[in-house]
Amino acid sequence: MNENLRKYFTTGEFAKLCHVKKQTLFHYDEIGLLSPEIKTEKGYRYYSYHQFDVFNVIELLKEVDMPLKDIKLFLRTKTPTELIDLLKGKSLEIEKKIQNLHQIQKIIDTKIALTEHALTIDFSQIQLVEQQQEQLFLSDSILDCSDKEFLKSVSVFIDYLYTKELDIGYPIGAVISKEKLLQEDYDNYAYLYTKIAEDAENVPLYTKQSGLYVVAYHLGSDKNISETYSKIMNFIDAQQITLGNYAYEEYVLDEISVTGEEHYVTKIMVEVEG
């Protein structure tokens, strides 16, 4: 090897250093993105160690979805100021992606925990359970609304959760008033609700009171959920306890975790007075 080339990498060596195939370097050279520092008359190609940093920047910009043609244009016309501006912008994009990934991780962890807990439950039981106070995020009132108004309220509710990044994987539940329970109007909800992160800021929350709740589980489609509510009301009468202000219902198992609505499970929590 020529003494002047001892400090240069062959294409194969440089590809190994960069953890890519030689074809990647050939392609970058072909499109004028990154060419060997030296090309001999015999066709040998050599890269300097300085070009490793250039390669790293190219790969970094690719990772943040910058097209090769834009990377090429930047490398041709770059200035220190332009580099600073570009990397600052990409840094902000990365920070946003990290936040999104953290949000996704929260949702995944919540879904795992809820589903694992569901597998430990005896769905055949109706029980009187002491529950802790919870902070819930409520929709606008949907009591006695039309189908069109209901769909609009659901859309607004979900859109708010999405834009404010409040969704951490809990199901969307429904609140039913005592009045509608007594009227057996079980699908006439007062509000929708979900649980959100405890550290959420500037979000109006509703307090689900601590105390005694009759807890039961409805198996199957919600089309016949009235059957389970009837069992709950019979339980309340038999226990000679007084109905509270609200009932809450939410999916425990749905189409995410089971196949077929006959396997869905809805948890119903009816507030009662101690």
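Colleague: How many nonpolar, polar and charged residues are in the lining of the largest pocket?

Modeller: The lining holds 20 nonpolar, 9 polar and 8 charged residues. Here Ala, Val, Leu, Ile, Met, Phe, Trp, Tyr, Cys and Pro count as nonpolar, Asp, Glu, Lys and Arg as charged, and the others, Gly among them, as polar. The model is predicted: local features need pLDDT of at least 70 and side-chain atom pairs count only at pLDDT 80 or more, while totals for chains, interfaces and linings use all residues. Residues are numbered from 1 along each chain as its sequence is written, and side-chain values use heavy atoms, with hydrogens and water left out.

Colleague: What is a pocket?

Modeller: Rolling a probe the size of a water molecule over the atoms shows where empty space is left. On a 1 Å grid over the protein atoms alone, where a 1.4 Å probe fits, a pocket is an open set of points with protein on both sides within 12 Å along at least five of seven lines; lining residues have an atom within 4 Å of a point. Grid points are joined across faces, edges and corners, and a volume is the space filled by probe spheres set on the points. The largest pocket contains about 960 Å³ of space. It is lined by 37 residues, and Lys111, Tyr170, Pro171, Ile172 and Asp254 are the closest to its centre.

Colleague: Which element gives the most to the lining of the largest pocket?

Modeller: Helices (H or I, at least four residues) and strands (E, at least two) are DSSP runs, numbered from the N terminus. α5 gives the most, 7 residues. The elements giving two or more residues include α5 (80-118) and α6 (147-163).

Colleague: What volume has the second largest pocket?

Modeller: Its volume is about 290 Å³. Of its 18 lining residues, Leu114, His117, Lys195, Glu250 and Lys267 lie nearest the centre. The largest share of this lining, 4 residues, comes from β10.

Colleague: What order do the strands have in the open sheet?

Modeller: Two strands pair if DSSP finds at least two bridges between them. The open sheet of 8 strands has the order β4-β9-β11-β10-β6-β7-β5-β8, with antiparallel pairing. Its edge strands, β4 (127-131) and β8 (206-208), each pair on one side only. Between β4 and β9 (residues 211-219) there are 5 bridges; Val129 has Tyr213 in β9 as its bridge partner.
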